Amino acid sequence: MTRTTRNPVTARSRLSPNVLITLVVLVVAALVFGGVLLTQRGDDDVTPDSLRGPDANTVLDAGDEAVTIVEFLDYQCPACAGYYSGITRQLEEDYAGRITFVVRNFPLQAHPLARQAAAAAEAAALQGRFAEMYRALYDNFTGWALAPGGQSVSDDTGRAAALFDDYARTAGLDVERFRRDITSDEVRSRIEADLAAGREAGVTGTPTIFVDGTRFEPAGSSYADVAAELRSLLDDRLNP
Amino acid sequence: MTFVDGRHPTRRLGLTYLLGGTLGLVAAVALTLEKLATLADPDHVPSCSLNPVISCGTVMASPQASAFGFPNPLLGIAGFAVVSTVGVVLLAGARLPRWFQWGLQAGTTFGAGFVHWLIGASLYDIHALCPYCLAVWIAVVPLFVLTTVETLRRHDRTRRAAAALARVDVALVVAWYVVIAALVLQAFWDYWITLVH
């Protein structure tokens, strides 16, 4: 006669549906989350051409052969505004004619007006006034990017749109066309292309700067320190 | 007096209530104390405001943090104290009447609904996370799931469905956590990715 009772050892080792499904869910989740995170990690070595992108928006243009800075920025990111007022605004004056300074969009989700501002800059670029809009956005940062009181970023799209119109008018743009361009597919696809190029280059936050294709990773903790580091790097490149 | 063994559904429910209720209560008390400290000193930086993303201060200052005109953690202190007490009562071996079970079902359903509304607000409106709130999110899911299974078990027509659900209740809770984690990951993608780079 065969034994019909189950072996207690094997019986106990069977996983209950609860444990089994839990394990499967956790393993699948870990694989998916981990996989997505890892594939989004970029490489630090990127070609200067792909960084620069086709018909790049430049603040300074000394030609394709010149020492080239590419900055990925988010117009509503306070640190980017700090980089502008503490580092790159002066750089523009001091290195004009000697370097090419390319600006690419990397609007972050955390900033509700970042995309709108990027679209304003791109729409101005379509009328050949990119640098003017870029400076206007940063010179007036507290006006459109911060909530009243200045403690947090603003999400007031209406106020931003009105101010962007003003900047466009001051820059001598055709405001009607500027408004149309802001919502155009062309502008949107340019922003998407910049974002894709940034991710490919391993950009994860803003501001991220590349000098001749090499990521600039400052050690300093103040804008003055970072500015000095960037200047010495540029000087080395300009006078090898 | 009857002995209640470790796998008995009532004991399982009692333990969940005690642990979930205590976790929620501790978080609600912590949030209340931070709120009081902020009221006393507007410059107070809460212990859980670590950076722009993980920031109780931002969350506590939002209109959703006082959904009923007073700070939400006050509701939590009352609600979770009841939940942990019921947990002790269940562990003591009490059999609760059906109408009481319906009360628990109403309470945990409201709690789960409210918390998920707050999750939505935190991820898509306030754009910040608060660790004490996360503890409440974690507490509410098993409370709701196990209470629902127990309510179903109390009625003849749904007893079989309850038995089937009871076999996968932990998996259900874990899957629920995974969905919330995925939403958190997606909503703050720009932030998380800076941590792994």
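In chain B, helix α4(B) passes helix α5(B) in a left-handed crossing. In this predicted model, the axes of α4(B), which spans residues 98-126, and α5(B), which spans residues 131-153, come within 9 Å and cross at roughly 145°. On the α4(B) side, the contact is made by Q101(B), W102(B), L104(B), Q105(B), T108(B), T109(B), G111(B), A112(B), V115(B), H116(B), I119(B) and S122(B); on the α5(B) side, the contributing residues are V136(B), W137(B), V140(B), V141(B), L143(B), F144(B), T147(B), T148(B), E150(B) and T151(B). Sorted by class, the residues of this contact comprise 11 nonpolar, 10 polar and one charged. The secondary structure of chain B as a whole amounts to eight helices and zero strands, and its pattern along the sequence accordingly reads α-α-α-α-α-α-α-α. Taken along the principal axes, the C-alpha atoms of chain B fill a box of roughly 55 × 40 × 25 Å.

Chain A is divided into domain 1, covering residues 8-40, and domain 2, covering residues 48-238; the centres of these two domains of chain A, taken over C-alpha atoms, are separated by 45 Å. The UniProt annotation "transmembrane region", which comes from an unreviewed entry, covers residues 20-38 of chain A. In the model, this span of chain A is 100% helix and 0% strand, and its end C-alpha atoms lie 27 Å apart.

Chain A also contains an open sheet of five strands, in which the order is β1-β3-β2-β4-β5 and the pairing is mixed. Strands β1 (57-60) and β5 (214-216) of chain A stand at the edges, and because each has a single partner strand, one side of each is left without a neighbour in the sheet. From one strand to the next, the twist averages 30°. Within this sheet, strand β2 (residues 67-73) of chain A and strand β3 (residues 99-105) of chain A pair in the parallel sense over seven bridges, and the bridge partner of V70(A) in β3(A) is V102(A). Helix α10 (residues 185-200) of chain A packs on the sheet, where it touches β1, β2 and β3 of chain A, and the direction of α10 makes about 105° with that of β3(A).

Most residues other than glycine have a negative phi, and most peptide bonds are trans. By contrast, the peptide bond from T206(A) to P207(A) is cis, with omega near -5°; P207(A) is placed in the loop between α10 and β4 (208-211) of chain A.

Terms used
Residues are numbered from 1 along each chain as its sequence is written. Chains are lettered from A and ligands numbered from 1 in the order in which they are written. This is a predicted model: local features need pLDDT of at least 70, side-chain atom pairs count only at pLDDT 80 or more; totals for chains, interfaces and linings use all residues. Side-chain values use heavy atoms; hydrogens and water are left out. UniProt positions are given in the numbering used here, feature names are shortened, and annotations may be inferred rather than shown by experiment. Helices (H or I, at least four residues) and strands (E, at least two) are DSSP runs, numbered from the N terminus. Domain bounds come from an automatic or database domain assignment. Axes are lines fitted to C-alpha atoms, for helices over the stretch in contact, and angles run from 0 to 180 degrees between N-to-C directions. A crossing is left-handed if the near helix is turned anticlockwise from the far one by less than a right angle, and right-handed if clockwise. Contact means heavy atoms within 4.5 Å. Ala, Val, Leu, Ile, Met, Phe, Trp, Tyr, Cys and Pro count as nonpolar, Asp, Glu, Lys and Arg as charged, and the others, Gly among them, as polar. Two strands pair if DSSP finds at least two bridges between them.
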